[in-house]
Each structure stands twice: as C-alpha cells, then as structure tokens.
Amino acid sequence: MKLLVDSGSTKADWIAIDDNGKVVFTTQSLGLNPEVLDKDEIISRLEDKFDISHNKDKATHLFFYGAGCGTDRMKDFLTLVFQDYFKHAVVVVHEDTYAAVYATTPKDEKAIVCILGTGSNCSYFDGKVLHQKVQSLGYIAMDDCSGNRFGRHLIRAYYFNKMPKELVQEFEEEYNLDADYIKHNLYKEPNPNAYLATFAKFLIRHKDTEFCQKLIQKEMESFVENYIEQFDNCKEVPVHFIGSIAFYLKEELTSVLEKKSIKIGNVLRRPIDGLIAYHVLNK
C-alpha cells in the first residue's frame, strides 16, 4: 500500500492506493511542516487520525510532498520521523512544489510552477528537473502573496486603524481580535503561519472592495517581481499555480500576469488527485 501525502502548513491530504492505483482510503490531517513542528507534534498529528495510525504497518511506501521541505536538513529530519513511525515503508520526502509540478504539468513540458496557499513558492521545471532561484526563509521573511501574508496585512490594518469602517465591524464579529489572544497564537501555539492564513478568507470574501483590491494587487505584483521574474524565460513558458489563494483569486492573478505579458497556465486548488495518476504511471 502506497501513501501519497500533500501537506501544507494548515492541512495535509492523504490518499492510500494499492498496486493498481485503487484508492484504499482518503483522509486529512493537520499540516506537517517540519519548519514549525517538532517530532512529538508530528507524531501526535499522525496518531490523531485513525486511518493513518491503523494502517501504519501496512504501508510499503510513503511519498510525502510538503511545505517546509525545501532544505536537505528538513527533508532528512522528516524522513527519520516517518521511518520511525511507518516501520515497513520506503519513505521519500519532497518539497511541496514537486506535487504541484506532477499535478499541473504534462510529461516533459517546461513550466514555471507556483504555490499560493498558506505559504508561497515558485520553481522552474525543465521537463525533468526542478530549479529554484529563491530559497525560502519562512513565513516571517518571505511568503509573498500567501494566506499568512494577507492575514498579517489585515491584522496590522485593523490595529493601525487603516481598515475601512464598513469592514471593521464584520472583522470583529468573525475573529477574536483581543491582543493577548492574537499574541498567544502567534508566539505560543504551533503553526503561527497557518493561524495568520485563517484571516485570508475574509480578504477573499471582500475581494471586490477597494481596500482588499489594493492588498491583493500589491502582493501579487510583489510575488511576480520577486519570484516569477527571477526566471529569464518567464514569458516563454506557462506559469501554473496550486493553492487556495491562487484558486480563489484566479481572476485577479490572471489580470496581473497579463499586464506583465506572462501566460497563466493551470490553476488548481490542491494537487492530491493528480498525484494518483503520476504514481500509478511511475510505479
């Protein structure tokens, strides 16, 4: 039994398939980002899901594609955690961009592949190998146009009294904006980036307001400039996207890219289904 996992910081999608590609079970756990979680928390999140814990000894392979796995140190750390938990499985850990590539890009096609979800990322796929020019420093320093970045902007706008009054009341009704509560989630709880990203749905729901449009426009332009335009051929190949931010703001994203003469390609909310076809073909 193969376990295929696509993990962001907020949640992880799991699909178990047999040798013929038939789905054995699907489930969803909390995200397993090794940059912000220690071994005990990762194991706890695995144990919390019955389908995972009940079948851990039946797994022969684990293919994990995850946020926070962009460095060898994080990949090695997570591989050891999984090898200890799934004792009979061959464990392969990739950064989440590989899942995005396999889900969006036809075989041997060249493309730029981006992730815009809780975090953000961008790579060039030459048809065989993935290339990155920007190594992520995590959600505090980078993650342009991500859910956590938009959350940061909204909280700051609220506390600096820059949010329009017509949005303030609804913002207060939807979220606990007590300073101590916010600071506790940012500095005491695991996954502060995922906490910040919970505010992004407010921005998406009000994306037609002038205030939100300015935030969206600024962040998208920043992402294009800092990530996509790092690649000299960005106007020659399609640019594919994975993630809820890209999916729900596709219209705005398309507009920004068209102004830069960049061709938008496939835009998917999540790549997990595409991974099944890939792993059946490459068993």
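The structure holds 17 aromatic pairs, where rings of Phe, Tyr and Trp (its six-membered ring) pair if their centres lie within 6.5 Å. This is a predicted model, where local features need pLDDT of at least 70, side-chain atom pairs count only at pLDDT 80 or more, and totals for chains, interfaces and linings use all residues. Residues are numbered from 1 along each chain as its sequence is written, and side-chain values use heavy atoms, leaving out hydrogens and water.

Here are two of the pairs; planes under 30 degrees apart count as stacked, over 60 as edge-to-face and the rest as tilted.

| Pair | Centres apart | Planes at | Type |
|---|---|---|---|
| Y98 and Y102 | 6.0 Å | 55° | tilted |
| F171 and F202 | 4.9 Å | 65° | edge-to-face |

Y98 and Y102 sit four residues apart in helix 4, so about one helical turn separates them. With 18% relative accessibility, Y98 counts as buried (under 20% relative accessible area, 1.4 Å probe, protein chains only). F171 in helix 6 (residues 165–174) and F202 in helix 9 (residues 200–205) are 31 residues apart, linking distant parts of the chain. Both F171 and F202 are buried. They also belong to a cluster joined by ring pairs, along with Y158, Y159, Y175, Y195 and F199.

Now back to helix 4 (residues 96–104), which packs against helix 13 (residues 272–281) at an angle of about 75°, with the axes 8 Å apart. That makes the two helices roughly perpendicular (65 to 115 degrees). A99, Y102 and A103 in helix 4 meet G274, L275 and Y278 in helix 13, contact meaning heavy atoms within 4.5 Å.

Key: Axes fitted to C-alpha atoms, helices over the stretch in contact; angles between N-to-C directions. Parallel < 35°, antiparallel > 145°, perpendicular 65-115°, else oblique. Buried < 20%, exposed > 50% of the residue type's maximum accessible area, 1.4 Å probe, protein only.
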